[in-house]
Amino acid sequence: MKTIADGILEFLPLYKRSPIIIVCIGTDRSTGDSLGPLTGSFLQEADFTHFHVYGTLEEPVHAVNLKEKLQEIQEKYTLPFIIGIDACLGRMKNIGMIKVGSGPVKPGAGVKKDLPTVGHMHITGIVNVSGYMEFFVLQNTRLNLVMKMAKHLASAIIQSDQLYAKQKNTISDKWDFTEENYL
């Protein structure tokens, strides 16, 4: 059975020297929307080799500052590979699921906000049911569920960082990147 860490690793650029940026989207003012900042805060405490984290409880990335933070990332890093993390709403049977996929996440889609897409890949956590009064549903999502999901997700990302570091080292050991090989 594939783990979340394995799923993340599948999409990461192994042969490019791109910095990996994790953008944890959401706000601590809504329980359901706090998955991103909680995950970011847990990740901030980790000792990362290759990943950089934006979006924590202390400094959230949310609807008001999302464009500004994305611009800041583009200015600070050369060809960053961005992972967008966000909470979402879904079917009752899928609550608690974490999904990893290719392409950007569309923040705010569940509450009909028009925000920029984020990421080369995305990770979403289904925190509650969609379909009716989404804003109210997000406000009334159980914190216990969101905390468990954020801890699980942070643990998987930490594991994927360690696996990524090993794979990058293996690739470097197999290839000699001296200038002579390019002449």
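Q: Which residues of β1 sit on one side and which on the other, and are they buried or exposed?
A: Ile20, Ile22 and Cys24 lie on one side of β1 and Ile21 and Val23 on the other, and all of them are buried, which leaves both faces of the strand covered. Please keep in mind that this is a predicted model.

Q: How many of the residues of β1 are buried, then?
A: Five of its five residues are buried, and β1 is therefore described as mostly covered, given that a residue is called buried when its relative accessible area is under 20%.

Q: Which strand does β1 pair with, and is the sense parallel or antiparallel?
A: The strand β1 pairs with β2 in the parallel sense, over four bridges. As an example of how they line up, Ile22 has Val53 of β2 as its bridge partner.

Q: Let's zoom out: how many helices and strands does the protein chain have?
A: The protein chain has five helices and five strands, and, read from the N terminus on, its elements follow the order α-β-α-β-α-β-β-β-α-α.

Q: What about the overall size, say the box that the C-alpha atoms fill?
A: Taken along the principal axes, the C-alpha atoms of the protein chain fill a box of roughly 65 × 35 × 25 Å.

Q: Which residues have the most contacts inside the largest nonpolar core?
A: They are Leu12, Ile83, Ile123 and Ile157, within a core that has 31 residues. At least two residues of this core come from each of α1 (4-11), β1 (20-24), α2 (35-44), β3 (81-90), β5 (121-129), α4 (134-139) and α5.

Q: Where does the largest share of this core come from?
A: It comes from α5, which gives eight residues. Apart from this core lies another one, of 13 residues, including Ile25, Val61, Tyr77 and Val118.

Q: Back to Ile157: what is it in contact with, leaving aside its neighbours within four places?
A: With those neighbours left aside, Ile157 is in contact with Ile8, Ile22, Thr39, Leu43, Phe48, Phe51, Ile85 and Ile123. Two of these, Thr39 and Leu43, are among the buried residues of α2.

Q: How many of the residues of α2 are buried?
A: Eight of its ten residues are buried, which makes α2 mostly covered. They are Leu35, Gly36, Pro37, Leu38, Thr39, Gly40, Ser41 and Leu43.

Q: New topic: how many aromatic pairs does the structure hold?
A: It holds one aromatic pair. The partners are Phe51 and Tyr164, whose ring centres are 6.1 Å apart and whose planes stand at 45 degrees, so the pair is tilted.

Q: Why is it called tilted?
A: Planes under 30 degrees apart count as stacked and those over 60 as edge-to-face, so the 45 degrees between Phe51 and Tyr164 fall into the remaining class, tilted.

Q: Which parts does the pair tie together?
A: Phe51 belongs to strand β2 (residues 51-54) and Tyr164 to helix α5 (residues 143-174), so the pair ties together parts that are 113 residues apart in sequence. Both partners count as buried, Phe51 at 5% relative accessibility and Tyr164 at 1%.

Q: One more residue: where is the place of Val127?
A: Val127 is placed in strand β5, and with 1% relative accessibility it counts as buried. Not counting residues up to four places away in sequence, Val127 touches Gly32, Leu35, Ala87, Cys88, Leu89, Ile95, Leu138, Thr141, Leu145, Val146 and Met149.

Q: Is Thr124 buried or exposed?
A: Thr124, which also lies in β5, is buried, with a relative accessible area of 12%. Among the residues that Thr124 touches are Asp86, Cys88 and Met97, with residues up to four places away in sequence not counted.

Q: And where is Ser34?
A: Ser34 is in the loop between β1 and α2, and it is buried, with a relative accessible area of 4%. Its contacts, leaving aside neighbours within four places in sequence, are Thr27, Asp28 and Val146.

Notes. Residues numbered from 1 in each chain as written. Predicted model: local features only at pLDDT ≥ 70, side-chain atom pairs only at ≥ 80, totals over all residues. Heavy atoms only, no water. Phe/Tyr/Trp six-rings, centres within 6.5 Å; stacked < 30°, edge-to-face > 60°. Buried < 20%, exposed > 50% of the residue type's maximum accessible area, 1.4 Å probe, protein only. Core = buried A, V, L, I, M, F, W, Y, C linked by side-chain atoms within 4.5 Å. Contact = heavy atoms within 4.5 Å. Pairing = 2+ DSSP bridges.
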